Amino acid sequence: MSEKANQFKSIAVMAHPQVERAIVEAAQMVSYLHSLGLQADSGFLNDESLRRRVQAGEFDLLVTLGGDGTVLRAAHLCAPYNIPMLPVNMGSLGFLIEVRPPEWQKVVERLVSGDYRFEDRMMLYAGVIRREKLLASWDVLNDVVIARAADLRPVHLRTSLDGQAVTTYVADALIVSTPTGSTAYALATGGPILPPDLRNILLVPVAPHLSIDRAIVLAKGSKVSVTVISDHGGVVSGDGQTPFALEQGDRVEVRVSEYVTRFVRLQPAGYFYANLVTLMDQNPSAGV
C-alpha cells in the first residue's frame, strides 16, 4: 500500500444517534484528532448544521460510526460532493465496514502517515416518471426496489432494457441492484454476489409467479425501465428509504449514477472475499 501525504486536514465524525457507544467513540475520536493537530467535529447524520457544512465542502473526510445503514445514509450525503468515507463498525453486520472499534486509533495514525487507498463504488440513479414528468429521483449505493403496496397483491412490472422489452414480472418486488447491493436484499433473495469493483446492474425478482425467476446480470452501461401495469399500483424505495407510492402507468428508470461512493481502505485489495466468508459463516444477526 503506497505512502503519501495526508490529504485529510478537516474531518467530520458522524455517529448513529441511537447507539450510545457510537456517540462516546465519536467524542473520543474528535479529541484524538485534535491532539494530532487536525480539525474535527462530530455530530449525527440527521444534524442539519453538520450536513450543511459537509455540503459546503468544509470537510475532507467523513467517518461514520454505526452499521451498514449508517454508511448508506452517509453515502447519499457525501457522493455528490466527492467526499470520501471511512466506516467504523458499531452495528452487527458490516459488509461496507473498514474499521472495528478497537482499531480506530491505529487507523487514524495510518491516515495521517498517508498509508491508505481509495475504493470507488458504483451508484445507481433512479427516477420516477408519471405522464412524462419527473416526480422523484434518488442516487443510491445498494439498490432500487419496486414492490407491491400495502394490499399485498403481486405487482405487475413491464421491464425493458436499453429500450427493448424483456419481460413482465408478476412478483412481490423487483430489485435493481449495484454490485455493492448484491450482498444486501438481493443476496437474501438468492441473487449472485458480485465483486464491488464491477459496474454492472443486477436484476433480481422477489417471489415471481409464472415469471422469469432467475437473477440477470446486465452489461455495463445498461439502462432499466420498469413500468407498473397493475391497477393497484405499487411502491418504490431507494436504499430502504421511505417508499414512494406508484400508480398504474408510472415508470421507474434506472441507470448508473454520475456519482460514486468513495471509501478509504486500509485492508489489502482482496479483503472483500475474506470479509464475505467470515460474515456468511458467522452471521451476527442470526446469533450464530
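Which residue stands opposite Leu202 in β11? Ser177 does. This is a predicted model, where local features need pLDDT of at least 70, side-chain atom pairs count only at pLDDT 80 or more, and totals for chains, interfaces and linings use all residues. Residues are numbered from 1 along each chain as its sequence is written, and side-chain values use heavy atoms, with hydrogens and water left out.

**Open sheet**
- Six strands form an open sheet in the order β12-β11-β10-β7-β14-β15, with antiparallel pairing. Strands are DSSP runs of E, at least two residues; helices are runs of H or I, at least four residues; both are numbered from the N terminus. Two strands pair if DSSP finds at least two bridges between them.
- β12 (216-217) and β15 (244-246) stand at the edges with a single partner strand each, so one side of each has no neighbour in the sheet.
- Strands β10 (residues 173-177) and β11 (residues 202-206) run antiparallel and are joined by five bridges.

**Ser237**
- Ser237 lies in strand β14 (residues 234-238).
- Ser237 counts as buried because its relative accessibility is 11%. Buried means under 20% relative accessible area, exposed over 50%, and partly exposed in between (1.4 Å probe, protein chains only).
- Its side chain reaches the backbone oxygen of Gln241 at 2.6 Å.
- Leaving aside residues up to four places away in sequence, Ser237 touches Asp143, Val144, Val145 and Pro243. Contact means heavy atoms within 4.5 Å.

**Helix α3**
- Helix α3 (residues 68-78) is largely enclosed by the rest of the structure, because eight of its 11 residues are buried.
- Those buried residues are Asp68, Thr70, Val71, Leu72, Ala74, Ala75, Leu77 and Cys78.
- Their cover includes β1 (10-15), α2 (48-55), β3 (61-66), β4 (85-89), β5 (117-130) and β16 (251-265).

**Cavities**
- The whole structure holds two cavities of 30 Å³ or more. A cavity is a set of points, on a 1 Å grid over the protein atoms alone, where a 1.4 Å probe fits but cannot get out; lining residues have an atom within 4 Å of a point.
- The largest cavity has about 60 Å³ of space. Volume is the space filled by probe spheres set on the points, with grid points joined across faces, edges and corners.
- Its lining consists of Ile11, Met29, Leu33, Val63, Leu86, Val88, Val99, Trp104, Val107, Val108 and Leu111.
- α1 (20-35), β4 and α4 (104-113) each supply at least two lining residues of the largest cavity. The largest share, four residues, comes from α4.

Definitions and conventions. A polar contact is a pair of N or O atoms within 3.5 Å; within protein, one must be able to donate a hydrogen and the other to accept it, and residues adjacent in sequence count only if both atoms are side-chain atoms. On a 1 Å grid over the protein atoms alone, a cavity is a set of points where a 1.4 Å probe fits but cannot get out, and a pocket is an open set with protein on both sides within 12 Å along at least five of seven lines; lining residues have an atom within 4 Å of a point.
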